[in-house]
Amino acid sequence: MWEPKLKYCTRLDGRQTYDYRSIKISFGTDYGCCFVDLGKTRIMAQVSCELITPKENRPNEGLIFFNIELSPMASPAFEMGRQSELLVKLNRQLERCLRNSKCIDTESLCVVSGEKVWQIRVDVHLLNHDGNLMDAASIAAIAALCHFRRPDVGIQGEEVTVYSTEERDPIPLSIYHMPICVSFSFFQQGTYLLVDPCEREERVMDGLLMIAMNKHREICSIQSSGGIMLLKDQVLRCSKIASVKVSEITELINKALENDKKARKTGGKFGFAESLPQERITALKTDVSHVEMSDVKEKANEIVQRAEVPPQTVPSPVLTAPGTGQVGEGLENSWGLKEEEEEEEEDETVELKMELEEGHEEKGRGNYLPKFCFPWVSETDSPGPRSVCAVFYGHSLQDSTE
Amino acid sequence: MPSSLSVQMTTQISYVKSPRQSSSFLFTSTMDVCASSSPTLREFGCEQNLLSRPDGSSSFVQGDTSVLAGVYGPAEVKVSKEIYDRATLEVVMQPKVGLPGVRERAREQCVRETCEASLLSTLHPRSSLTLVLQVVHDDGSLLSCFLNSACMALMDAGLPMSCLFAGVTCAIDTDGQVITDPNAAQEKESRALMTFAIDSTERRVMMSSTRGSFTVHELQQCIAVSQKASDKIFQFYRDSVRRRYSKTL
């Protein structure tokens, strides 16, 4: 009978072989926002929806889109915009766990068959990486989906009306079952087994077995990675452990959903702001405070009075050569226009370039005549005029004067 | 003489290294802005050191708007990004839904320039400082929430700074009233929305980002109100730090 030999082995944080770290589930202010803390691993999931046209081969079904983001906050190894292997692996596993198991009724997401269906988008943000990202991500995703409410839709003949939250209460999604992933890490070619590895344990493990199960003891997905060889009874034993864990976690999710529902119903405060722990020394909260405005008007008046007189208004554009306009005067035109204008007669783009204070430049691209509207006339620090040059390419003088 | 001229623009002015009173808006205005009811700051809260991996982390909550910030640094920098005499600061902003777009990039720039003006980056040449900001819930005044959480995270990471900074958002509603720390509904109906980063040593404006039309007089009023409001925020920083080190010092 295979049994993990762990007599002389203790985990870094004092847990036993089959122990999970403490899981904390909380919800945000808007529907579909869920935070999961698995020990120190912290994950946030947000569900949103929008109406789109369905796929051609499945006109009656809505779509679900999963997106896991490895925030650079979670670990110094994660960089923005880099499609790492870990990210692809996590995304794929979450999709298999939630989409292929058909835990959400996609047909109920159909509004008008073949034209408009709901697309549910699940964004999972990893905030702190302390191991076992897959479990935490699956818990967060399924809890957020259970928490989410989509807007109510009314169909009258040809007309479809989407009601906002104020007009009609939003409707929850219809979810058949809640698949949850449980991860097992193996060490020394399958001799030792640990449930819920933390980040350091993950770094030294040989292989990982991930079982996605729901509380009805149905396996939704199994994935073994790392190239370890597992015996049949090892896998069966793991699935038994997984079923126990999954039922515990499902109960936890349901309790958290209940608490949140109660808080919203009684009008109590809910959301991330409320879950800020008060008894900790690193947290502080203040109440609504008033801002003194007694002498503000006098102060503002004073500053405006002390300010300098604005410069004169800008003169109207001057046409120095065919195809050129100039606003402002003084500086010599160094564009060498006579030669350029002949060469670029084919070009049809028009560029208006205005130089503003402190080299703050603004470029506007318009079709024929740019409008000479100045957002603001600035104070010039240096003495010396500012001149603006507008060069028109490829237009005759006739067009540009209008 | 121009009478009430209104200024229509979207500006992002960052005063790096030379914060000064923005008295460069010169049109005199005869418009009067009424300020009968006093503006309020929503209740705010902060938690520091809540994530184990980043060197510094903070979560800042203003009413219902909450933001999570994480700081890594000083750390090794890529050769392509290194600066020979100072640290390279990189700000990454993550929206809740979807990929980051232009709006996030614009806000990143605002936050980055404020941080660069206050950090003593010359103490860590050829290093990188990474600041990651995550939107947890947006209920108005998002940019000022970013600034406040960034400052607390930098403090938590122990990075040397020449001054602290606080972000304050002011909105001018259709009646001409000044509202500080507006929520999302108030922001939507406002005529103008302004965010200022105020420094702690001399209460000067470090960064301003505005949207909408307003007069010069209104702008100066909003700056003055923001400076008053920043007093509360700096007092809050002080209280948080005092509370945090109350057991050790």
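Student: What separates A:Arg264 and A:Asp260 in helix H4 of chain A?

Tutor: About one helical turn, because A:Arg264 and A:Asp260 are four residues apart in helix H4 (residues 232-265) of chain A. Helices (H or I, at least four residues) and strands (E, at least two) are DSSP runs, numbered from the N terminus. This is a predicted model, in which local features need pLDDT of at least 70, side-chain atom pairs count only at pLDDT 80 or more, and totals for chains, interfaces and linings use all residues. Side-chain values use heavy atoms, without hydrogens and water, residues are numbered from 1 along each chain as its sequence is written, and chains are lettered from A and ligands numbered from 1 in the order in which they are written.

Student: What do A:Arg264 and A:Asp260 form?

Tutor: A salt bridge, with the closest N and O atoms 2.9 Å apart. The term denotes a side-chain nitrogen of Lys or Arg within 4 Å of a carboxyl oxygen of Asp or Glu.

Student: Is A:Asp260 buried or exposed?

Tutor: A:Asp260 is buried, at 9% relative accessibility. Buried means under 20% relative accessible area, exposed over 50%, partly exposed in between (1.4 Å probe, protein chains only).

Student: Next topic: how many salt bridges are there over all chains?

Tutor: The search of the whole structure finds 26.

Student: Which residue meets A:Arg15 in a salt bridge?

Tutor: A:Asp196, at 3.2 Å from N to O. A:Asp196 is buried, with 0% relative accessible area.

Student: Which residues are linked with A:Arg15 in a network?

Tutor: A:Asp13, A:Arg21, A:Asp130 and A:Asp196 are linked with A:Arg15 by salt bridges.
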